[in-house]
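Hi,

Here's the structure I said I'd pass along. Have a look at it first, and then read my notes below.

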Amino acid sequence: MKTHYSFFSCLLFNLALLCGPVFGADKPNIVLMFIDDMGYGDIGPFGNTVNQTPNLDRMAREGNRLSQFYVSNTACTPSRSALMTGTYAARIGMDGTVCFPNEKRGLNPKEHTIGDAMKSVGYRTGIFGKWHLGDQRAFLPLQNGFDEYFGIPYSNDMWPGNLKGHRHTKEPYTPLPIIRQNKPVAYVSDGADQSLLCEVITDEAIKFIKKNKEDPFFLYMPHAYVHLPRFGRLDLANKADGNIDRAAVEEVDTSVGRILDTLKELNLDEKTLFIFTSDNGPARGMSAGPLRGHKGGPKYEGHMREPTLTWWPGTIPAGKVTDAITASIDVLPSLAKLVGAKMPVDRIIDGKDSLSALLGEQKAQSPHDILYYEIDGIRRGNWKLVRGAKGNFELYNLKNDLAETSNLIEKRPKLAKELQSLLDAHAGELSANTRPPGMLEHSDFLLRVPGSAPRLRDYLGLKDFEAIERSE
Ligand SMILES: [Ca+2]
């Protein structure tokens, strides 16, 4: 019977996709996992041979590997803003610097997030992980398209364990809260608590899937891992030969495996699109593989091209590789098309429909004849002009120089000039058509002192245990 059912449900999905948006009870669930600071070369499907990622390997084997998927910024807050709204962070006042604790700025609640789009067509929406689009109530997920939230409001290095203090004010950090819905319920007290973050986020996500198995859901999992500081529990560290960076990637892989298994156990695998990617280039200890670049800094490929997989058995072909250029800003318009949600028409949305590439369709074409790397780079075909590490523009041909080692700007001045003028026009249009971020008159810290909420492991009812931090 199972085969029978699967065959027909799969047929219905494909017919629905051919005919347009999916309506009614057959709406697919969406899982969007967004890793923090993982690079293009950190997982098996993208060539890593040190980190053991059997679940991501399986996801690639059963699904679609996108070799040219780009985020639109090299840091957490702007990258997440762009993903959530389909709009360049610079257009909505969320570029420049990341959000800090007790900041008056955040994602403008008037922006239309993926959560808003999904809710508009009846989805249950949940976020489990790191939000980082403002920690004040007006900016938190429940006010921005999500029914459920559990996780940290900003990065895990914004805590008292960071002895350098606040990057700008140098003030010591207040305790890093764990938020449930709109309220702090616990805090991350030490490395042992830090080492729980991947697992508890997965636990909560699985509860959400089980609770909503009868209804369409959108599950957003912006993991706090593999952002620094990185801690591993003893058993996981030992399993990874004492390499905490490797242990962190492998924990992410375990999280993926648990989600895949849960979807299969509940017979939701053939009605769930699972997207896996990362928010920016690799932080210290992580890898960009064959690409040049890392987290932050200029816009070489490794800064912005991410290890991306999509999985939907019966709809996405197994073992597919899609080379069409796609971008994180495309996720909102693509998912909106998939589920039949309307996109706002009163504002500029930069992302384009990339659904055929996300679904691994045979003839998927990139909607990006030109791809912009913020206002610092432009790609047309294989040619890329980018503001380099020293501030000067550099020209590369990615077809035979993927690692961006041979600057051809002196050899192709006419082409460089043409690309430069397109990039200038893009930057001009962007600065002429912006929308303001959310801005409050007053703000406050979510938690001021340790002890005003339980330690994370006490909140979870766990005994004390040891965790090891990565060594430099
Ligand atoms: Ca990040």
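What follows is a quick run through what turned up, starting with the whole chain and then going part by part.

First, a caveat: this is a predicted model. The chain has 13 helices and 19 strands. Its C-alpha trace spans about 65 × 60 × 50 Å along the principal axes. Buried residues account for 53% of the 472. If you take the contacts with a separation of 6 or more, 71% of them are between residues 24 or more positions apart.

Now the helices. Helix α3 (residues 76–85) is one to click on: 10 of its 10 residues are buried, so the rest of the structure largely encloses it. The buried residues include Cys76, Arg80 and Met84. What do they pack against? The partners are β1 (29–35), α4 (114–120) and α10 (331–339). Just after α3 comes Gly86, with a positive phi of about 65 degrees.

Then there's a helix pair, α2 (residues 54–62) and α8 (residues 244–265). Their axes come within 7 Å and cross at roughly 50 degrees. An angle between 35 and 65 degrees counts as oblique, and α2 and α8 are therefore oblique to each other. On the α2 side, the residues that meet α8 are Pro54, Asn55, Leu56 and Met59; on the α8 side they are Asp253, Thr254, Val256, Gly257 and Leu260. By type, the residues of this contact split into 5 nonpolar, 3 polar and 1 charged.

Is Asp193 buried or exposed? It's buried, with 26 other C-beta atoms within 10 Å, where 20 or more is the cut-off. Leaving aside neighbours within four places in sequence, Asp193 is in contact with Val188, Arg455, Leu456 and Arg457. Take Arg455: Asp193 and Arg455 are 262 residues apart in sequence, but their C-alpha atoms are 7.4 Å apart in space.

On to the strands, beginning with a hairpin. Strands β6 (residues 176–180) and β7 (residues 183–188) run antiparallel and are joined by 5 bridges. Arg180 has Lys183 in β7 as its bridge partner. The hairpin has 2 residues between its strands, and Gln181 takes a positive phi near 55 degrees there.

Finally, the sheet. It is an open sheet of 4 strands in the order β14-β15-β16-β17, with antiparallel pairing. β14 (370–373) and β17 (393–397) are at the edges with a single partner strand each, so one side of each has no neighbour in the sheet. Ignoring direction, neighbouring strands here are turned by 15 degrees against each other on average. Between β14 and β15 (residues 377–380), which run antiparallel, there are 4 bridges, and Ile370 stands opposite Arg380 in β15. Helix α12 (residues 413–432) packs on this sheet and touches β14, β15, β16 (383–387) and β17. The direction of α12 makes about 60 degrees with that of β16.

That's the lot from me.

Cheers

Technical notes: Residues are numbered from 1 along each chain as its sequence is written. This is a predicted model: local features need pLDDT of at least 70, side-chain atom pairs count only at pLDDT 80 or more; totals for chains, interfaces and linings use all residues. Axes are lines fitted to C-alpha atoms, for helices over the stretch in contact, and angles run from 0 to 180 degrees between N-to-C directions. Angles under 35 degrees count as roughly parallel, over 145 as roughly antiparallel, 65 to 115 as roughly perpendicular and the rest as oblique. Two residues are in contact if their C-beta atoms, placed from the backbone, lie within 7 Å. Ala, Val, Leu, Ile, Met, Phe, Trp, Tyr, Cys and Pro count as nonpolar, Asp, Glu, Lys and Arg as charged, and the others, Gly among them, as polar. A residue is buried if 20 or more other C-beta atoms lie within 10 Å of its own, exposed if 12 or fewer, and partly exposed in between; C-beta atoms are placed from the backbone. Two strands pair if DSSP finds at least two bridges between them.
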